[in-house]
Amino acid sequence: MKLVTLAAGLFGMALTLWLLSRFGVQAILHLVMVGGWGILAAIVFHAIQVLLSARSWQVIAGQNEPELKLRDYVALRCVREGVNNLLPVAQVGGEVISARLLARRGPGLRRAAAATICDLTIELLSQVVFTLLGLAVLLCLVKRSSVTDELVESAGVALVLGAVCLGSQCLGAVSVVERLLVRIAAHLGWTGVESIRGLHSEIMGLYTAPGHAIRAGFCQLVAWSLGAVEVCLILHFMGHDRSLAHGFVIESVGQAAKSVGFAVPGALGVSEGGFILVGSLCGLPPAVSIGLSLIKRLREIAWGLPALAGWQWMETHWRGPSRKLDHGVGLPGH
């Protein structure tokens, strides 16, 4: 896995450098410098998206314990994004780390893992809906072409994959993995794996809690949609104003491209390519699209570095005040 991640990272770096050289490093950096206030605006505005995503996680977790506050989920969400955006891991490492930290905070490993799996699934499904809405807006703004047809087909595939992901959980895929892990642990002498027994039932309980999944999905969809405002703010300060509808299209397709490149650390190069593609449909020069993507990356760094520092603090200070912790499960950090 380390070799695959390294190879994907090198590919992403090479693709990014090629795009920069292809469309002019100086021109792109000039646009980023011109849009300096856009960087600050993006950093500040992102707080709303983080808050909504954290609230979605809290809702689907269904926690009423006094020691688990919204601020805890905000902190965990920041760590999750920081790890996925800045560390050389595929974009799921943040979920593993944040689930373990959540387990330490109080609910235990099984509930923390279930809540994180449910939250990630709802986040992905809401992104598919966001992308489909963005493509619908795109078809209203531009004429149909081979590019728009390919984007719609890709969104259709993503919708099917999302449905398969949710359906497999409902049909017991997690239960199969759970039993397999327990058998492997028994064979190899691992300890602590018994604490994940009942994970499938826990996940189903969270999904079927009245109104929780719908409320969580709504929060996630609003968080995704607010990314359109961030795009418009950045483009405004770069001197390339676009309507909110264009911002919605650029953000939906750009974030979809980033998700497709989940195996590449930080989706290096893949995200930039997505913004170039959709930006061209909205009349943006490639240099502007790359500049937009780079400013978003600067925002990720501004949020991610403090989050990574906070992660290290949580590793030593976060303990649930009244619960015994699940130990020795073999997750990172044990």
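Ser126 has its place in helix α6, where helices are DSSP runs of H or I of at least four residues, numbered from the N terminus. The model is predicted, so that local features need pLDDT of at least 70 and side-chain atom pairs count only at pLDDT 80 or more, while totals for chains, interfaces and linings use all residues. Residues are numbered from 1 along each chain as its sequence is written, and side-chain values use heavy atoms, with hydrogens and water left out.

With a relative accessibility of 5%, Ser126 counts as buried; buried means under 20% relative accessible area, exposed over 50%, and partly exposed in between, with a 1.4 Å probe and protein chains only. A polar atom of the Ser126 side chain lies 2.8 Å from the backbone oxygen of Glu123. Beyond residues up to four places away in sequence, Ser126 touches Gly217, Gln220, Leu221 and Trp224, contact being heavy atoms within 4.5 Å.

One of these partners, Gln220, is found in helix α10. Gln220 is buried, at a relative accessible area of 1%. Not counting residues up to four places away in sequence, Gln220 touches Ser53, Ser56, Arg77, Asp119, Ile122, Glu123 and Ser126.

The next topic is the nonpolar cores. A nonpolar core is a set of buried Ala, Val, Leu, Ile, Met, Phe, Trp, Tyr and Cys residues joined through side-chain atoms within 4.5 Å. The largest has 31 residues, of which Trp57, Tyr73, Val79, Leu101, Leu102, Ile203 and Trp311 touch the most other members. At least two residues of this core come from each of α3 (36–61), α4 (70–86), α5 (93–105), α6 (109–141), α9 (199–208) and α13 (286–317). Helix α6 gives the most, with 7 residues. Leu101 is in contact with Leu76, Val79, Trp311, Met314, Glu315 and Trp318, again leaving out residues up to four places away in sequence. A second, separate core holds 30 residues, among them Ala155, Ile234, Ile250 and Val288.

Helix α2 (residues 25–34) has Ile28, Leu31 and Val32 as buried residues. Seen down the axis of α2, the buried residues fall within an arc of 100°, so they line one face of the helix; the arc is that of the directions from the helix axis to the C-beta atoms. Gln26, His30 and Met33 are exposed, on the face of α2 turned away from its buried side.

The structure holds 1 cavity of 30 Å³ or more. On a 1 Å grid over the protein atoms alone, a cavity is a set of points where a 1.4 Å probe fits but cannot get out, and lining residues have an atom within 4 Å of a point. The largest cavity has about 40 Å³ of space, the volume being that filled by probe spheres set on the points, which are joined across faces, edges and corners. Its lining consists of Cys78, Glu81, Gly82, Asn85, Glu300, Trp303 and Gly304. Helices α4 and α13 each supply at least two lining residues, and α4 gives the most, with 4.

Lastly, Asp241 lies in the loop between α10 (212–237) and α11 (244–260). At 47% relative accessibility, Asp241 counts as partly exposed. The side chain of Asp241 makes a polar contact with that of His236 at 2.7 Å.

Definitions and conventions. A polar contact is a pair of N or O atoms within 3.5 Å; within protein, one must be able to donate a hydrogen and the other to accept it, and residues adjacent in sequence count only if both atoms are side-chain atoms. On a 1 Å grid over the protein atoms alone, a cavity is a set of points where a 1.4 Å probe fits but cannot get out, and a pocket is an open set with protein on both sides within 12 Å along at least five of seven lines; lining residues have an atom within 4 Å of a point.
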